[in-house]
Amino acid sequence: MSLDFASIKNQYHHHGRLRVEGGVIPDAITAYRTYGDSKNPCIVFPTCYGGILNDQGYMIGESKVLDPSKYFIPAPYNGPYFPSISYEDNIRAQYAVLQHLGISKVYAVVGFSMGGQQSYHWAVIYPDYIEKYIVICGSAQNSFIEGPKSALIASKDFDNGHYSGNATQGVRAFARAYSAWAYGQTWFREHQYLHSGLYPTLDAFLKEEWENAHLAFDANDLITLINTWQSGDVSKIRHSGDLTKCLGEIKAKGLIMPSKTNLYFPPEDSEDEIKALRNSARLVVIDTVWGHMSGAGVNKKDDEFIQAEIGKFLAQ
């Protein structure tokens with residue numbers, strides 16, 4: 001029996017005045033959904049960059065690795081706030097939601113991309129609250145994505161963030177620059193953007209699928225989330241920039257899954273992190289040409305491999 005995602009309603013936790021890195025949000029709200037019975041082991045599944053709660057279905061379901069009949073799965077939305085927002089701000093807001101839900105212990109945190117960076121932050125900020133964390137195509141420190149951001153900011157209709165309507169030209173320019181990093185170079189060379197004849201050319205794929213998908217987002221939201229992404233660094237929270245020392249003190253067990261062809265979070269970064277984590281985490285590289293998008297549930301082979309590895313890790 002498949003899970004009817006349309007029947008799962010968004011819920012909203014009101015924080016009131018919430019102090020964040022860039023100031024205070026007068027009426028901060030965290031949107032989230034829950035799946036399963038709260039008496040079961042809790043697995044937190046935060047969203048990725050540009051992710052919305054509807055996007056989480058690729059891992060949640062009775063035939064999938066995050067099975068609501070076995071686990072209680074809160075999925076918080078990594079929302080776009082206009083003051084400067086840190087990962088720590090997001091995690092503390094999520095923690096408040098879990099306290100509201102009566103969760104005394106988290107069995108695991110699972111995340112892709114920005115969700116993976118949040119997994120690392122959970123392990124550092126609340127070392128005694130979570131037992132396991134899973135990082136899919138993410139890292140413990142920031143990556144550089146200034147190119148797509150600059151394409152958006154420089155567009156004539158962005159107007160320094162004071163646009164009317166939406167900055168359509170800027171968002172399209174952002175998406176096109178972003179696409180070159182999202183997929184592996186081999187993926188482009190093999191013309192996989194044609195999707196078995198669905199699109200006749202690369203330009204058609206970019207316009208119809210990639211750019212149009214990003215037009216659903218507000219331009220300032222995209223910038224705010226990128227700023228969170230680029231400022232992410234768990235060692236800012238503890239040990240003043242000493243990443244090796246910070247990671248070495250993580251208590252939870254980790255599964256680190258980089259993509260072999262990821263341009264944002266290359267596997268070499270994960271290899272360095274594994275050394276710092278000592279024997280508390282395991283490295284599993286996703287052998288794929290899909291680059292960063294291999295962790296997003298967009299192709300069957302990678303998705304099955306990732307879910308199988310997560311399933312083994314959760315069962316240990």
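Which element gives the most to the lining of the second largest cavity? I took that as the starting point for today's entries.

**Entry 1: the cavities**

I am working on a predicted model. I then turned to the second largest cavity, which holds about 40 Å³ of space. I listed its lining: Tyr-32, Val-44, Pro-74, Pro-76, Gln-94, Val-97 and Leu-98. Two elements give two or more residues to this lining, strand 4 (73–76) and helix 1 (87–100). Helix 1 gives the most, with three residues. That settles my opening question.

I checked the classes next. The lining of the second largest cavity has six nonpolar residues and one polar residue. I found no charged residues there.

**Entry 2: the largest pocket**

I moved on to open space. The largest pocket holds about 600 Å³. I noted 25 lining residues. Which of them are the closest to the centre of the pocket? They are Cys-48, Tyr-49, Gly-50, Asp-55 and Met-293.

By class, I sorted the lining of the largest pocket into 17 nonpolar, six polar and two charged residues.

**Entry 3: for the record**

I set down the two linings together. For the second largest cavity, I have no charged residues. For the largest pocket, I have two charged residues.

How values were computed
Residues numbered from 1 in each chain as written. Predicted model: local features only at pLDDT ≥ 70, side-chain atom pairs only at ≥ 80, totals over all residues. Heavy atoms only, no water. 1 Å grid on protein atoms, 1.4 Å probe; cavity = no way out; pocket = protein on both sides within 12 Å on 5 of 7 lines; lining within 4 Å. Points joined across faces, edges and corners; volume = space filled by probe spheres on them. Helix = DSSP H or I, 4+ residues; strand = E, 2+ residues; numbered from the N terminus. Nonpolar A, V, L, I, M, F, W, Y, C, P; charged D, E, K, R; others polar.
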